[in-house]
Amino acid sequence: MNESTQASTPSKPLRIDIVSDVVCPWCVIGYRQLAKALADTDTNYDIHWHPFELNPNMPKEGQNMREHITEKYGSSKAESDASRARMTEAGREVGFEFNFNDDSRMHNTFDLHQLLHWAQMQGRMHDLKQALFAAHFTAGRNISDQDVLADVAAEVGLDRDEARAVLADQRFASDVRASERHWQQQGIQSVPAIIFNDRHLVSGAQGVDNFKQILEQLAALPE
């Protein structure tokens, strides 16, 4: 069963595949920008979320976010602070709250993607994805902890015990790995990666106005 979020305009929906990770700040910013552009252009759409792990080798205990960024990109504290300020402002512009601090952590997201796969089977992946973005970036919760993940699932109306069982037995590990491999084989190496109608790839958070232009250009193409 595909996860979908549809607008009400009576026309063939624009298929939108979004490859992303919950610990990717530009993924939530980019999605929020796109959502605003979709609303402003009254576009009929159908969103499908797909897994990507920014840090597949991240240990279960995670790592201090600033330390991780320094190790991965060589960023100085000043550069890290400036980046956080840019992301916080970009989030504010689209109604998303980032609460970065010295204790912010980067987490392993493989279990999280398994939980999203399970939620997709119940038509609730979109809701859970948004809740997990907020849990990580706004509330600073440990989204690599299986109990925390089950709690977040329960908060969006999913069965907590079943969520915990899905994670305990790694029920959808092979499905998530297969999906990750598929998108890697399509050439996706960074996120967010947004694919419109299976053919037009847009990478990164483009901004509301740019997304509106993209949507208008797509609407003008022959079906």
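The structure is a predicted model, in which local features need pLDDT of at least 70 and side-chain atom pairs count only at pLDDT 80 or more, while totals for chains, interfaces and linings use all residues. Residues are numbered from 1 along each chain as its sequence is written, and side-chain values use heavy atoms, with hydrogens and water left out.

The protein has nine helices and six strands; helices (H or I, at least four residues) and strands (E, at least two) are DSSP runs numbered from the N terminus. Its C-alpha atoms fill a box of roughly 50 × 45 × 35 Å, taken along the principal axes. For 223 residues, a compact globule would have a radius of gyration near 17 Å, and the 17 Å of the protein agrees with this. That radius is taken over C-alpha atoms, and the globule rule is 2.2 Å times the number of residues to the power 0.38. Buried residues make up 49% of the 223 residues, where buried means under 20% relative accessible area, exposed over 50%, and partly exposed in between (1.4 Å probe, protein chains only). Among contacts (heavy atoms within 4.5 Å) between residues at least 6 apart in sequence, 75% join residues at least 24 apart.

Helix H1 covers residues 25–40, and its 16 residues should span 22 Å at 1.5 Å a residue; the end C-alpha atoms are 23 Å apart, which agrees. The expected span is 1.5 Å times one less than the number of residues. Several residues of H1 are buried, including Cys27, Ile29, Tyr31 and Leu34. The buried residues of H1 pack against several elements, among them strand S1 (14–20), strand S2 (45–51) and helix H9 (208–220). After H1 comes Asp42, whose phi is positive, near 55 degrees.

Helix H6 (residues 146–155) and helix H7 (residues 160–168) form a pair whose axes come within 8 Å and cross at roughly 145 degrees. Axes are lines fitted to C-alpha atoms, for helices over the stretch in contact, and angles run from 0 to 180 degrees between N-to-C directions. Residues of H6 including Leu149 and Ala153 meet residues of H7 including Ala163 and Leu167.

Pro56 lies in the loop between S2 and strand S3 (63–64). Is Pro56 buried or partly exposed? Pro56 counts as partly exposed because its relative accessibility is 46%. The C-alpha atoms of Pro56 and Asn108 are separated by 6.7 Å, although these residues are 52 residues apart along the chain.
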